[in-house]
Structure formats: structure tokens, C-alpha cells
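This briefing goes through one structural model by topic.

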Amino acid sequence: MFTNAGTSSFTAFLSKVAPEMLPGRRPLPPGMAADMAPHATTIVAIAASGGVVMAGDRRATMGNLIAQRDIEKVHPADAYSLVGIAGTAGIGIELMRLFQVELEHYEKIEGAMLSLDGKANRLASMIRGNLGAAMQGLAVIPLFAGFDLAAADPARAGRIFSFDVTGGPYEETGYDAIGSGSLFAKSALKKRFRAGLSIDDATRLAVEALYDAADDDTATGGPDLTRRIYPVVMTATAEGTHRLTDAETAAIAEGVVSRRMENPGG
Amino acid sequence: MAMQFYASPEQIMRDRSELARKGIARGRSAVVLSYEGGVLFVAENLSSTLHKVSEIYDRIGFAAVGRYNEFENLRRAGVRMADLNGLSYDRRDVTGLGLANAFAQTLGAIFTEQSKPFEVEICVAEVGATPDDDSLYRLTYDGSVNDEPGRMAMGGQAEAITGVLKNEHRPEMSLSEAVRAAMKALSSVGGEGGAARTIAANQLEVAVLDRRRVGRTFRRITGAALTALLDGEAGADAAPAPGRAKTPTVPTEEAKKPTTSAGSADLEGQPQEERPGE
């Protein structure tokens with residue numbers, strides 16, 4: 001089963017040899033299932049000069065309860081791209097792992113990486129495969145961003161793609177947010193975002209936008225100063241993907257909180 | 001009615017072995033050795049895109065000699081199997097031994113069941129925490145597996161190359177020393193009348209599994225970084241270490257011939273002689 005000529009796509013391979021491992025291929029009993037599993041919430045992405053920044057809060061909710069305080073929803077998809085997941089946590093994590101393997105698999109089989117648009121299209125078709133479950137309330141929406149190695153101008157190489165439950169992708173200009181707090185995060189970014197931000201400024205802006213989301217959305221967690229749990233912040237630049245250390249995000253988040261002490265509206 | 005000639009099973013196996021050995025012996029060679037910082041693969045390859053050495057998984061690499069289409073088929077199967085197991089269980093649960101066993105099963109089945117065996121010899125290498133923990137598995141056309149002691153050579157005149165390698169190799173050698181030892185071993189055969197020859201840097205395919213990296217440890221060494229290692233320049237060892245797992249290499253200088261397949265290139269322009277003693 002491994003030696004057939006086949007495709008370079010890992011999901012296409014799985015659909016032949018182990019279709020039960022694909023999230024969209026499982027038969028679901030009828031009825032709504034929206035409240036049975038934890039939900040992951042807000043992710044923001046900002047295009048900066050020479051790359052892109054993605055940040056996510058750490059809360060997962062189940063109805064009116066907090067299911068987890070330190071969930072990690074922003075991950076590297078491969079060496080130059082990032083993926084964040086909002087929606088049903090279990091399916092989201094499974095899809096994200098599958099997407100990571102998909103990209104790595106193609107790279108190993110073909111000896112070259114997929115283009116950034118190719119990666120976004122692959123992710124779109126994987127989300128589309130989950131449509132049946134999404135209609136029963138188990139929706140997963142990713143946010144995808146990466147450094148485009150083929151971009152003519154390296155300063156504009158950071159690109160962001162959003163998706164809906166039926167797939168996508170839709171390329172976004174400048175910034176985007178997904179999840180329950182995305183409305184507030186996007187409103188904050190609309191006023192503060194400027195084209196050509198430095199990576200450091202974009203990082204601060206992302207944490208600030210998550211603070212605004214947490215301010216108005218109960219499902220989004222703000223910086224947890226007592227437990228020292230801060231947002232996950234990652235960047236993708238020409239040097240590859242990088243996750244800011246806990247000490248770095250702590251410093252940024254504490255800076256945001258101390259400014260809000262003087263002016264709660266930012 | 002045509003008479004079916006009887007051929008004994010022994011005779012059939014002998015013929016198949018001979019076919020496979022001849023095919024492998026015509027090809028250019030490859031060596032694999034462990035050094036202080038990881039496992040080094042060096043293959044003589046005129047093509048910069050049709051690889052004889054490649055990545056299978058985080059800490060596992062693959063090197064092959066013989067027919068390109070045949071070992072490429074095995075490599076893809078290995079990548080699929082590793083990715084499937086890594087996704088089903090955990091990335092740590094994908095091991096070199098598991099892959100070597102799977103390759104051995106496939107090669108063994110092809111050798112006994114198909115009319116033509118695969119004319120390939122492959123190496124599955126897994127990098128460990130120290131050179132003693134590295135494992136190199138040699139798999140031959142009939143599915144036999146050997147656990148090699150930190151170094152191995154495959155392809156045409158492998159015994160002679162192994163002899164040189166054995167004298168040169170030490171597990172604690174640096175990357176630059178290891179590359180030069182591999183180069184010396186590969187170039188010790190194939191010249192006029194069996195004498196040594198010189199191999200240009202752009203005819204070598206070089207890659208390492210870097211012991212100190214986390215995650216995907218495989219990286220190719222090409223262009224200026226390779227030339228610096230071959231010249232033994234100070235600091236060359238450390239040069240390519242930072243940076244990311246950047247598998248797509250920019251093709252450097254092309255070898256001056258219109259090669260289309262690493263396998264077919266190997267079979268052309270080489271003396272079609274048998275190895276002595278086989």
C-alpha cells in the first residue's frame with residue numbers, strides 16, 4: 001500500500017489507506033453537537049514589514065465554563081507559515097496536525113515546498129471536508145499566514161489568508177482576526193494598524209488587540225498575570241517561523257496592562 | 001508445443017542475484033558515516049535535482065545507489081509510512097529499525113516474487129544522541145539487513161571504498177574531517193587502471209542529519225558551504241548550522257552534461273565490467 005505511484009498529497013494517500021483518520025470522513029449521528037466539546041477562541045494576524053505576526057489567546061470555553069486556561073492555538077504550519085485555529089478544539093487540533101504533516105510530506109516527496117497559495121488552497125480543501133460536522137455545530141475555522149518566499153518585494157512578503165466553513169481561502173490585506181472575540185480585535189486593529197509596521201510594533205499591536213477582544217468577549221482570555229499565562233505570539237519572516245519566549249510575551253503583555261491601568265480604552 | 005525448460009530454484013535465485021549485483025556495481029557509489037555532530041551522507045551524483053540522499057523523518061535519512069526509479073519508489077514508500085506512523089502515534093515512535101524492516105520486507109518480496117529484482121542498495125540511517133547511538137542499516141536487493149558499525153559504502157567497488165573509509169573514519173571526527181574522509185574514500189577508486197581520481201565538488205551530493213537540532217535534523221550542504229568544508233577552512237563546520245529546515249536547495253552549478261536521470265546517468269559512461277570475485 002505504500003509503494004503505489006500515488007500522489008504527493010498525504011491526505012490523498014490517507015483517503016486510500018486509512019480514510020477513518022480524516023476528520024471529514026466519519027459518520028456523525030444526526031442532531032446538534034455544538035455544546036459537547038470545548039471551543040477555542042480568538043486569533044489575530046498582522047502583516048508587517050518583512051513578515052507576519054500571529055497571536056492567539058489561551059482560553060478554551062465550553063458553554064459558560066472555561067475548559068482550559070493555557071491552550072495553544074497558534075502553531076507553525078511549516079518552516080515559513082503559521083496556522084491558528086478557532087472553533088471546536090479537538091477537531092481543530094487534529095486538522096492542524098494533519099495540515100502540518102501534509103506540508104512536510106509534500107516537501108519531502110517533491111523535494112520542494114508548496115507555494116504559499118498552494119498551502120492555503122490545501123488548507124481550504126481540508127476545511128471543506130469538515131463541512132458535514134460544521135453543519136452540526138462542530139465547525140473549525142483556521143487563520144493562515146506566512147512569509148511568501150516567491151514575493152517580488154520582501155517587505156510585502158507577509159500574507160494572511162482567512163477561511164469560512166465551506167473553505168476559502170480569502171486573502172486579507174493588512175490584518176485579520178477569527179474566533180468569538182474577532183469583532184473587537186478587528187475594531188481595535190482598524191484604528192491602530194498602519195501599513196509597513198515593524199515586526200516588533202506588530203507584535204505589540206497583536207497583544208493589544210487580544211486585550212481588547214478579552215475586554216468585551218467572555219470567551220477570550222486576557223493576559224493572566226496571577227498564573228503568568230500570556231498569549232502565544234509567533235512570527236514568520238525570511239528567517240523562518242519563530243515563537244516569542246514566555247519572558248518576551250510577558251514583558252509585552254505587562255506593558256499593555258500597565259498602559260490600560262491609566263487608560264482602560266487603550 | 002514448446003517445451004518448458006526446467007530451471008532449479010537455486011539457479012533462478014543465482015541469476016537474479018547476479019543481475020542485481022551487476023546493476024549495482026555499474027553505478028556510482030555513496031558513503032554514510034557518523035561523525036561527532038551527526039550522520040553524514042556523501043554520494044557521487046551528477047544531477048543536482050535527482051537525489052540519491054534524502055530525508056525520511058525527523059532523525060532518519062535515506063541513501064541509495066542503483067536504479068533511480070526503483071530506489072525512488074522505496075523512498076516515497078518510506079516517507080509515507082513514516083508520516084502515517086508519526087501522525088497515528090507520535091513523532092518519537094518513528095524509528096530507523098521499523099523502516100529498515102519494512103524496506104527489507106518489500107525488497108525480499110520483490111526478489112522472490114518478481115521476475116526482476118530491484119537493482120538497488122540502500123541505507124537507512126538514524127541519528128542518536130551520541131555517535132555510539134547512531135544506527136546505520138544496509139539493505140541489499142534480496143532484502144537482507146545489516147547493522148553497520150558507524151560507516152558504510154555502497155555501489156560500485158564498495159569493498160575498496162569501505163577499506164579506505166575504515167582507515168580514515170573515527171566517530172569523534174568533525175564534519176569537515178568527515179567530508180574529506182568520505183571524499184578520499186570515494187575518489188580512491190575509478191581512476192585509470194584502478195588508481196585514485198579527483199571528484200569535483202559539484203559532482204557530490206552531501207547531506208547531514210544534525211545531532212544537535214530538534215525536530216527535522218536533515219539538511220543538505222551545497223555550493224559555497226560544501227566547498228569550504230572540502231577545503232577544510234576554519235569555521236566551515238559551524239557555517240550552515242543556523243537557519244531553518246530549508247529543504248528546497250537552490251540548484252548550484254550544474255554538472256556539464258544533459259543528465260535526465262541519476263539512475264540512467266550512472267549506467268552510462270561507466271565501464272560495463274563485472275566486479276571480480278562475483
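In this predicted model, A:K119 and A:D78 form a salt bridge, with 2.9 Å between the closest N and O atoms. The pair joins distant parts of the chain, since A:K119 belongs to helix α3 (residues 116-128) of chain A and A:D78 to strand β6 (residues 74-78) of chain A, 41 residues apart. Over all chains, the structure holds 41 salt bridges. Side chains of opposite charge can pair when their charged atoms come close.

**Interface between chain B and chain A**

- On the chain B side, 26 residues are in contact with 28 residues of chain A.
- The area buried between the two chains is about 2,400 Å², and carbon and sulfur atoms give 57% of that area.
- Three salt bridges are counted between chain B and chain A.
- A salt bridge also links A:E107 to B:R216, where the closest N and O atoms are 3.2 Å apart.
- Nine residue pairs, both residues at pLDDT 80 or more, are in polar contact between chain B and chain A.
- Two elements of chain B, β3 (53-57) and α2 (68-88), each supply at least two residues of the side that touches chain A.
- Of these, α2(B) gives the largest share of that side, with 13 residues.
- By residue class, the side of chain B that touches chain A divides into eleven charged, ten nonpolar and five polar residues.

**Confidence**

- The model scores are ipTM 0.88 and pTM 0.86.
- Chain B has a mean pLDDT of 83, and 83% of its residues reach 70 or more.
- Residues 239-278 of chain B stay under 50 in pLDDT; for this stretch the model has 65 contacts beyond four places in sequence.

**Aromatic pairs**

- A search of the whole structure finds seven aromatic pairs over all chains.
- In the pair A:F10 and A:F13, the ring centres are 6.0 Å apart and the planes lie at 45°, so the pair is tilted.
- Both residues sit in helix α1 (residues 10-17) of chain A, and because A:F10 and A:F13 are three residues apart there, about one helical turn separates them.

**Backbone geometry in chain A**

- The peptide bond from A:G168 to A:P169 is cis, and its omega is near -10°.
- A:P169 lies in strand β10 (residues 167-172) of chain A.
- A:R228 is not a glycine, yet its phi is positive, at about 55°.
- A:R228 is placed in the loop between α6 (199-216) and β12 (232-237) of chain A.

Key. Residues are numbered from 1 along each chain as its sequence is written. Chains are lettered from A and ligands numbered from 1 in the order in which they are written. Side-chain values use heavy atoms; hydrogens and water are left out. Contact means heavy atoms within 4.5 Å. Buried area is the accessible area (1.4 Å probe) that two parts lose on being put together, summed over both. A salt bridge is a side-chain nitrogen of Lys or Arg within 4 Å of a carboxyl oxygen of Asp or Glu. A polar contact is a pair of N or O atoms within 3.5 Å; within protein, one must be able to donate a hydrogen and the other to accept it, and residues adjacent in sequence count only if both atoms are side-chain atoms. Helices (H or I, at least four residues) and strands (E, at least two) are DSSP runs, numbered from the N terminus. Ala, Val, Leu, Ile, Met, Phe, Trp, Tyr, Cys and Pro count as nonpolar, Asp, Glu, Lys and Arg as charged, and the others, Gly among them, as polar. pLDDT is the predictor's confidence in each residue, from 0 to 100. Rings of Phe, Tyr and Trp (its six-membered ring) pair if their centres lie within 6.5 Å; planes under 30 degrees apart count as stacked, over 60 as edge-to-face and the rest as tilted.
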